[in-house]
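Subject: Structure for you to look at

Hello,

Here is the structure we spoke about, with its sequence. Please open it and keep it in view while you read the notes below.

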Amino acid sequence: MPSRLRGVLSAALIALACLLVPFGALAAWAAYGLADTGRYVATLAPLASDPAVRNAVAETVGAGIMDEVDDRLDVRPMRGSVRPFVHDAVRSFTRTEAYRTAWDAGNRAVHDAVLRALRDERERAVTVDLAPVTAQVKRKLADEHMPLAERIPVEHTEVAVVPAVGLDRLRKGFRVLEVAGFWLPPVAVVLAVAGIAVAGCRRHAVIATALGAALGGALLALAVAVCRRLTLADVPEPSRRTAAGAVYDALTATLRETSWLLVALGLAVALGAWLTGRPGPLGRRHGEPAAPARAPGRPV
């Protein structure tokens, strides 16, 4: 194969491999990292103690309880006095061990419900039932002798997680991510190895591949940061925006670590390949064998 054609083929294979690096990492994280229920619950478990998350949960649960009370009981004359008791009780509940247990159980239930919805064909909204949390709050209000506490209904306090309207689109996207997350990383490795193998100068090819991988990692980190900004821009309330930012950061921590690992590893490999090709103190490149010694007295 002519050297020029080898160079073009090598450059094309390496460029394609480096292009697949960030997409493969993103797809693998979304399809396999987020799809693991145990890992998901363990990732979000520390957020039970986050003040912004606790406040957002207290507001959501408190509002749900008040809506149920309004639907089933006539407490409108006392609403202004009942609401502070309910919200204080919910906030107090978010500092207990029972809340942390309910937080983990709720996240597990939400994750299982979303996965089931993404893997079957039924067109219905994904909801989570807050009745267990409401029951805990009701018990606490009753212990504090709040009027009407025993009459608070706890049968159904559901919060929509995924609407039915966009579920089909999410299902198709998830299937694409599963396939891409499985195939893109090994394909990128094969293309990179092939590009280095056909290159005329393999050291230069290794340097180009490593720098391309580092660039892909940097672009992935930039994409995570931009998506965070866009995601939080859709949350109008500052308190909920802070809680959403904490959840986003927890869920994307592995992805950010992967992106910076790609940057560090790519730069290290590129630097190592460049240093091994530099001329040594005697004019030889590192690793190059020394020229045979000339016998004394012989003419050059």
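How are α8 and α10 oriented to each other: roughly parallel or roughly antiparallel? Before the answer, please note that this is a predicted model. The axes of helix α8 (residues 202-233) and helix α10 (residues 253-276) cross at roughly 160° and come within 7 Å. An angle over 145 degrees counts as roughly antiparallel, so α8 and α10 are roughly antiparallel to each other. The crossing of α8 over α10 is left-handed. Sorted by type, the residues of this contact are 19 nonpolar, four polar and two charged.

The chain as a whole

The chain has 300 residues, and 36% of them are buried. Its secondary structure consists of ten helices and two strands. Read from the N terminus, the order of elements is α-α-α-α-α-β-α-β-α-α-α-α. Take the contacts in the chain with a separation of 6 or more: 79% of them are between residues 24 or more positions apart.

Helices α1 and α7

Helix α1 covers residues 3-33, and helix α7 covers residues 167-198. These two helices pack with their axes 6 Å apart, at an angle of about 150°. That angle makes α1 roughly antiparallel to α7. The crossing in which α1 passes α7 is left-handed. In the contact of α1 with α7 there are 25 nonpolar residues, four polar ones and two charged ones.

Is S10 buried or exposed? The relative accessible area of S10 is 5%, and buried means under 20%, so S10 is buried. Beyond its neighbours within four places in sequence, S10 is in contact with G195, V198, A199 and A205. S10 can also be compared with R202: the two are 192 residues apart in sequence, while their C-alpha atoms are 9.6 Å apart in space.

Helices α2 and α9

Helix α2 runs over residues 37-44, and its axis lies 9 Å from that of α9. The angle at which α2 and α9 pack is about 135°. α2 and α9 are therefore oblique to each other. Their crossing is right-handed. Which residues make the contact? On the α2 side they are Y40, T43 and L44, and on the α9 side V247, A250 and L251. By type, the contact of α2 with α9 has five nonpolar residues, one polar residue and no charged ones.

Helix α9 itself consists of 14 residues, 238-251. At 1.5 Å a residue α9 should span 20 Å, and because its end C-alpha atoms are 20 Å apart, the two values agree. The buried residues of α9 are A243, G245, A246, Y248 and A250.

With a relative accessible area of 14%, T37 is buried. Not counting residues up to four places away in sequence, T37 touches R108, H111, D112 and L115.

Helix α5 has 23 residues, 97-119. From its first C-alpha to its last, α5 reaches 33 Å, close to the 33 Å expected at 1.5 Å a residue. In α5 the buried residues are Y99, W103, N107, V110, H111, A113, L115, A117 and L118. An α-helix has 3.6 residues a turn, so residues three or four places apart point the same way. Keep that in mind when you look at the buried positions in α5, including Y99, W103 and N107. H111 and L115 are in the list of buried residues of α5, and both are touched by T37.

T94 is in the loop between α4 (79-93) and α5. T94 has a relative accessible area of 2% and is buried. What does T94 touch, leaving aside its neighbours within four places in sequence? T94 is in contact with A48, R54, V57 and Y99. Of these, Y99 is one of the buried residues of α5. T94 and A58 are 36 residues apart along the chain, and their C-alpha atoms are separated by 7.3 Å.

Regards

Notes:
Residues numbered from 1 in each chain as written. Predicted model: local features only at pLDDT ≥ 70, side-chain atom pairs only at ≥ 80, totals over all residues. Heavy atoms only, no water. Helix = DSSP H or I, 4+ residues; strand = E, 2+ residues; numbered from the N terminus. Expected span 1.5 Å × (residues − 1). Buried < 20%, exposed > 50% of the residue type's maximum accessible area, 1.4 Å probe, protein only. Axes fitted to C-alpha atoms, helices over the stretch in contact; angles between N-to-C directions. Parallel < 35°, antiparallel > 145°, perpendicular 65-115°, else oblique. Left-handed = near helix turned anticlockwise from the far one by under 90°. Contact = heavy atoms within 4.5 Å. Nonpolar A, V, L, I, M, F, W, Y, C, P; charged D, E, K, R; others polar.
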